[in-house]
Amino acid sequence: MMKHQLTLVALSTLVFAAAWCSEVKAQTPEYGIKDDRPAAGSAIRPYAVRGSAIPIDKTYGELTPEEKQVVNTWYEHIPPGDEPPFPLEGLRPIYAALSKAQAKLMAQGELYIFATVDAKGQVTSTKIIGNPSPEMTKFAASLLLLTKFKPAVCGGAPCIMDFPLRHMFIVN
């Protein structure tokens, strides 16, 4: 009887471990930027920016097809073969600048902004949807206006398309 109970416990443990491992593998990776210094009393640098489902250090051309598909989900519909606009240097310079501004402004709330990118990769205007603070919103809009983009591609030719930037600011 004891032998059967041990076998059942071992089998249950293996099933649980296998389920847990598959759950861990199924989770989407998360990318971000760590603070320059660890928090007081710690040797671990916390994240200044986190939560990107795609690598922030890659250009659009360096993204895998799966990562490009994640970018496409930011839009209502991107036809096969078309591409959205994307920052020429990737997302890291934008997130790094927002992180530095956050260290000074201590904004709280969601920033949701659309940058209209023309066929040459220039941002021509911004539209604010979510506003964590007037200062942060003004900074983010100016930052996007200065950022160079890979233009969108529609039907094989460069075209005008909005680039959405969404970020949640939290004060710890």
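In the predicted model, Phe 169 lies in strand E9, which spans residues 161–169. With a relative accessibility of 3%, Phe 169 counts as buried, because the limit for that class is under 20%. Leaving aside neighbours within four places in sequence, Phe 169 is in contact with Leu 98, Gln 102, Ala 107, Gln 108, Gly 109, Leu 111, Pro 132 and Met 136. Met 106 is 63 residues away from Phe 169 along the chain, and the C-alpha atoms of the two are separated by 8.0 Å.

Overall, the secondary structure of the protein consists of four helices and nine strands. Along the sequence these elements follow the pattern α-β-β-α-β-α-β-β-α-β-β-β-β. The protein has 172 residues, of which 35% count as buried. Among contacts with a separation of 6 or more, 60% are accounted for by residues 24 or more positions apart.

Two of the contact partners of Phe 169, Leu 98 and Gln 102, belong to the set of H3 residues that meet helix H4. Met 136, also in contact with Phe 169, is one of the H4 residues in that set. Two packed helices are described by the angle between their axes and the distance between the axes. For helix H3 (residues 92–105) and helix H4 (residues 134–146), the axes come within 11 Å and cross at roughly 155°. An angle over 145 degrees counts as roughly antiparallel, and H3 and H4 are therefore roughly antiparallel to each other. The crossing of H3 with H4 is right-handed. On the H3 side, the contact is made by Ile 94, Ala 97, Leu 98, Ala 101, Gln 102 and Leu 105; on the H4 side, by Glu 135, Met 136, Phe 139, Ala 140, Leu 143 and Leu 144. The residues of this contact divide into ten nonpolar, one polar and one charged.

Thr 137 is also placed in helix H4. Its relative accessibility is 7%, and Thr 137 therefore counts as buried. Apart from neighbours within four places in sequence, Thr 137 is in contact with Leu 111, Ile 128, Asn 131 and Pro 132.

Side chains of opposite charge can pair when their charged atoms come close. The structure holds four salt bridges. One of them joins Asp 57 to Arg 92, with the closest N and O atoms 2.5 Å apart. This pair links distant parts of the chain: Asp 57 is in the loop between strand E2 (47–52) and helix H2 (65–72), whereas Arg 92 is in helix H3, 35 residues apart. Asp 57 is partly exposed, with a relative accessible area of 49%. Arg 92 likewise counts as partly exposed, at 33% relative accessibility.

A salt bridge is also formed by Lys 58 and Glu 67, whose closest N and O atoms are 3.3 Å apart. Lys 58 is partly exposed, with a relative accessible area of 24%. Glu 67, by contrast, is buried, with a relative accessible area of 12%.

Lys 150 and Glu 83 form another salt bridge, and here the closest N and O atoms are 3.1 Å apart. This pair, too, links distant parts of the chain: Lys 150 is in strand E6 (residues 149–150) and Glu 83 is in the loop between H2 and strand E3 (86–87), 67 residues apart. Lys 150 counts as buried at 16% relative accessibility, while Glu 83 is partly exposed, with a relative accessible area of 25%.

The loop between E2 and H2, which contains Asp 57, is also the place of Thr 59. Thr 59 is partly exposed, with a relative accessible area of 26%. Leaving aside neighbours within four places in sequence, Thr 59 is in contact with Phe 86, Leu 88 and Gly 90.

Notes
Residues are numbered from 1 along each chain as its sequence is written. This is a predicted model: local features need pLDDT of at least 70, side-chain atom pairs count only at pLDDT 80 or more; totals for chains, interfaces and linings use all residues. Side-chain values use heavy atoms; hydrogens and water are left out. Axes are lines fitted to C-alpha atoms, for helices over the stretch in contact, and angles run from 0 to 180 degrees between N-to-C directions. Angles under 35 degrees count as roughly parallel, over 145 as roughly antiparallel, 65 to 115 as roughly perpendicular and the rest as oblique. A crossing is left-handed if the near helix is turned anticlockwise from the far one by less than a right angle, and right-handed if clockwise. Contact means heavy atoms within 4.5 Å. Ala, Val, Leu, Ile, Met, Phe, Trp, Tyr, Cys and Pro count as nonpolar, Asp, Glu, Lys and Arg as charged, and the others, Gly among them, as polar. A salt bridge is a side-chain nitrogen of Lys or Arg within 4 Å of a carboxyl oxygen of Asp or Glu. Buried means under 20% relative accessible area, exposed over 50%, partly exposed in between (1.4 Å probe, protein chains only).
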